[in-house]
Amino acid sequence: MKRPSQEQVALSRRELLRRSAAAGVGLGVGVLGGPLLGSVAASPRKRLELRETDPWHSASLEFTLSPDSEQVLAGPPTTVWRYGVTVRQGPAEMVSPVGSWLGPIVRAKRGQTIRIRTVNNLAEPTITHYHGLDVPDTVDGHPRFAFGPGQSQDVVFSVLNRAGTYWYHPHPDMRTGAQVNMGLAGLFIVEDDEEQVLALPRGERDIPLVIQDRRFDPDNQFLYTADMVNGFWGTNVFVNGVQNMVRQVGTRVHRLRILNGSASRIYKLQFTGGSSPVPMVVIGNDGGLLAEPRTYPYVMLAPGERVELWADLRNQTVGSSVTLRSTTFSGAGSGQGSANINLVRFDVTRQEPESLTLPSTLSRIDPYRLADAVNQSNPRTYPISFMAGMGYHLNNAMFEMEATAANEVVPAGALEVVDLVNPALPVPRSTAHPMHWHGRQFQILSRTMNGTGAYLTNYNTVKDGLVDAGWKDTFLIMPGETVRFLMKWTDYKGLFVYHCHNLPHEDMGMMRNYRTV
Ligand code: C2O
Ligand code: CU
Ligand code: CU
């Protein structure tokens, strides 16, 4: 796992380039600690309501971001920045700690109204984004609302999303990667009635796994250095903050909810070992359960993406071990997929009866149709490009705090077709990008591979593991590919971002606004 090293740049380069443009940063509504209220009631979207008598009807949480320390490696402890989350009002089960540097898992219910006060105890501005949630632009963590040390921000929103594995992390301009690398990230799991009636593994067999890589200085402190092309490259891979995680399990079915919380590293997930092969049965992804389970030879998981697996260990003999690992692939960027990495080893230590069987139907998903898109014959088209000395650009431009181009003004609530185009750039600039839209979950319609030769050979090492079914908010696009998706833009009017979730790419400007009107 050696770190690639072309076009090393300091992350401050872009800061210098845009210093003047950024002068207004942080003067947003949240900076004085006054309430920054998402206008839930004013939303044109029909609100989902939990009954007033339901203990989950509404809740109030406090998120604090503070420096702390954590024993990560043997030897000196590592300084981390940590999300603390407390329930000020509402069910105590909403928050459960993970251990390590990760923020606790927050559990919410669809239809719930949640107030969150975020307190910044760091020495720099921050803002929290709820990745995958459909919330007003004032709640969404747009970098223009970053607020300074000692200040707080209040938001309120209604949970409109279906059951699924979402997550939260900071989103300040140019500092997202650095803050996430210090430890700031956590899962935000939504539950709903549709999912609740399904016979899925629960309790200790519903296992959240957050994969992240890190590098260290000689004193065991997190190092964050990034490369304009390849991003951040860790030397150690952690799952829930643990290297070489081992879990003792019975001969039962487990639901693995996996988040790639890494800055840049892409994983190609497969099970290995065991007394009989364990298939990669996918039951969910970014926006919750698929319509029906699907089996893949392996699953690609790019930064920001989630996947949920039905890990069936019923046929394993006691004493065997099954390992979830990342295997090799090529063409996604230098260093990507160059080694096998063991992530979690499941040691089967006991025979247990299992009554669960894989449901043939998981959830209701009405497929969007191209014919229903208001721009069906004229897709919105956003190219990825590389500007020498500046990095990757989106829609032929670099991030500007408030600006949108003409093709970035979209009709709120309308169904549209969007093409994202990743050209087959010459090596070494040719790289895959995990592309993410804030706002609504969308559906991937098609992928077109225009690359030939080595681009195509490389593509064949990843293509069968791209999980495009169901609802997505982030997808991997390989060099030479065009990904076409159908998006019903959020009903909330305002300014949202879309960006590459390779965090150094995002921080160096591979991010743009879109405005719903
Ligand atoms: Cu998880 Cu805008 O990001
Ligand atoms: Cu997001
Ligand atoms: Cu990128």
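This dialogue explains how to read several features of a predicted model.

Me: What is the strand order in the open sheet of five strands?

Reply: Strands are DSSP runs of E of at least two residues, and helices are runs of H or I of at least four, numbered from the N terminus. Two strands pair if DSSP finds at least two bridges between them. Here the order is β3-β4-β9-β8-β6, with mixed pairing. Because β3 (95-96) and β6 (128-131) each have a single partner strand, they stand at the edges, and one side of each lacks a neighbour in the sheet. β6 runs antiparallel to β8 (residues 164-170), joined by four bridges; T128 has P170 in β8 as its bridge partner.

Me: How is the interface between domain 1 and domain 2 described?

Reply: The size of an interface is often given as the accessible area lost when the parts come together. Buried area is that loss for a 1.4 Å probe, summed over both parts. The bounds, from an automatic or database domain assignment, are 40-196 for domain 1, 203-350 for domain 2 and 370-516 for domain 3. About 2500 Å² is buried between domain 1 and domain 2, with carbon and sulfur atoms giving 57%. In domain 1, W101, T165 and N181 lose the most area to domain 2, together 26% of what that side buries. Counting contacts (heavy atoms within 4.5 Å), 32 residues of domain 1 meet 29 of domain 2.

Me: How many salt bridges are counted between domain 1 and domain 2?

Reply: A salt bridge requires a side-chain nitrogen of Lys or Arg within 4 Å of a carboxyl oxygen of Asp or Glu. The count between these domains is one. R255 forms a salt bridge with E195, with the closest N and O atoms 2.6 Å apart.

Me: Which backbone features are found at S100 and at V427 and P428?

Reply: Most residues other than glycine have a negative phi, and most peptide bonds are trans. S100, although not a glycine, has a positive phi of about 65°; S100 lies in the loop between β3 and β4 (105-109). A cis peptide bond, with omega about 10°, joins V427 and P428, and P428 is in the loop between β27 (415-421) and β28 (433-437).

Terms used:
Residues are numbered from 1 along each chain as its sequence is written. Chains are lettered from A and ligands numbered from 1 in the order in which they are written. This is a predicted model: local features need pLDDT of at least 70, side-chain atom pairs count only at pLDDT 80 or more; totals for chains, interfaces and linings use all residues. Side-chain values use heavy atoms; hydrogens and water are left out. Buried area is the accessible area (1.4 Å probe) that two parts lose on being put together, summed over both.
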